[in-house]
Amino acid sequence: MSQSIEVLNLRTQRDFQYVLKMETQMKGLKAKFRQIEDDRKTLMTKHFQELKEKMDELLPLIPVLEQYKTDAKLIIQFKEEIRNLSTVLTGIQEEIGAYDYEELHQRVLSLETRLRDCMKKLTCGKLMKITGPITVKISGTRFGAWMTDPLASEKNNRVWYMDSYTNNKIVREYKSIADFVSGAESRTYNLPFKWAGTNHVVYNGSLYFNKYQSNIIIKYSFDTGRVLAQRSLEYAGFHNVYPYTWGGFSDIDLMADEIGLWAVYATNQNAGNIVISQLNQDTLEVLKSWSTGYPKRSAGESFMICGTLYVTNSHLTGAKVYYSYSTKTSTYEYTDIPFHNQYFHISMLDYNARDRALYAWNNGHQVLFNVTLFHVIKTEDDT
């Protein structure tokens, strides 16, 4: 089985090159579209603008393709679809308008639908592998956070950007990853309080963050620009009392997964070891807590997947996930899942359940890691 998986992994790496080529073709196509948009006399502008928007929506799905390496048949089908689409895009670059718009439009919609349907069939699973990173952008200071909303609709791909771990209240918003890469900022929010650390999370349209120099959690609505709730996380250490190894006021780590909203922190009552608390997303009330035996100051960044906390030594060059704690069984185990700390200092690492990817801030680089989960495919007979 290990040999078969290794062969499949080699094939998938080759497939990923096709994905990269597809992304290049998309960018070239966008340049052509801009030329058409500038020519007000061109009657096809409206149609090609619609196609351009669909391409922009499709771009964030590219990293998701990596998730399907466990199913060789699906990967082969996707590879053929992408290869054919790449050929079409190349032809359009050579002579824009030569290909039938409706046919291309339908193929893009079909590919997007198939990807979404496949993701819906995947249940919660156990982390098996981390690959990447894919460098999205280089910006900001050494420390910061960037994220998308795992509960947003398929058409909502807004990105939020929070530079530095202290002395800042400015959140920058971008309508898509493409806009984030190009620097096309859509909106700026001035929070009522400064944040502490880099372990914020956007969940169901609201930003959750740790108020500076306190163990208070703030829920801030992007729609209304107001604080919807705030609550003290009882006994939680703050202001570098129990941070991750790298420091940076990372005492309280807020995160979300398939199950809901979580806070990871440490208390004197638990001897400085990690405490995991599930939170009510509306009131910030602690619903249930689990006390682990792992010292928080010895941990790198951590993240939740399907109710399991994964702890890393992400501050090191040879980074890996080496400890996990399941809230479902209240048990822990030591693991050995390596990943590439390409830029030598990770100050933010969070899982996004919609994208099935890890968002990371790696020494001023905003990167994505793909995750491989051991999971069960839901069938129509499942209840």
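Q: Is Glu258 buried, partly exposed or exposed?
A: This is a predicted model, in which local features need pLDDT of at least 70 and side-chain atom pairs count only at pLDDT 80 or more, while totals for chains, interfaces and linings use all residues. Residues are numbered from 1 along each chain as its sequence is written, and side-chain values use heavy atoms, with hydrogens and water left out. Buried means under 20% relative accessible area, exposed means over 50%, and partly exposed lies in between (1.4 Å probe, protein chains only). Because its relative accessibility is 29%, Glu258 counts as partly exposed.

Q: Which residue forms a salt bridge with Glu258?
A: A salt bridge here is a side-chain nitrogen of Lys or Arg within 4 Å of a carboxyl oxygen of Asp or Glu. For Glu258, the closest N and O atoms of the pair are 3.9 Å apart, and the partner is Arg356.

Q: How many residues apart in sequence are the parts that Arg356 and Glu258 tie together?
A: Strands (E, at least two residues) and helices (H or I, at least four) are DSSP runs, numbered from the N terminus. Arg356 is in the loop between β18 (346–352) and β19 (357–362), and Glu258 is in the loop between β10 (253–256) and β11 (261–266). The pair therefore ties together parts whose separation in sequence is 98 residues.

Q: Is Arg356 buried or exposed?
A: Its relative accessibility is 7%. Because of this value, Arg356 counts as buried.

Q: Which strand holds Glu333, the salt-bridge partner of Lys126?
A: The side chains of Lys126 and Glu333 meet with an N to O distance of 3.1 Å. These residues are 207 apart, with Lys126 in strand β1 (residues 126–138) and Glu333 in strand β17 (residues 331–338). So the strand that holds Glu333 is β17.

Q: Which residue in β20 is the bridge partner of Thr131?
A: β1 pairs with strand β20 (residues 365–374) in the antiparallel sense, over nine bridges. For Thr131, the bridge partner in β20 is Asn370.

Note on methods: Pairing = 2+ DSSP bridges.
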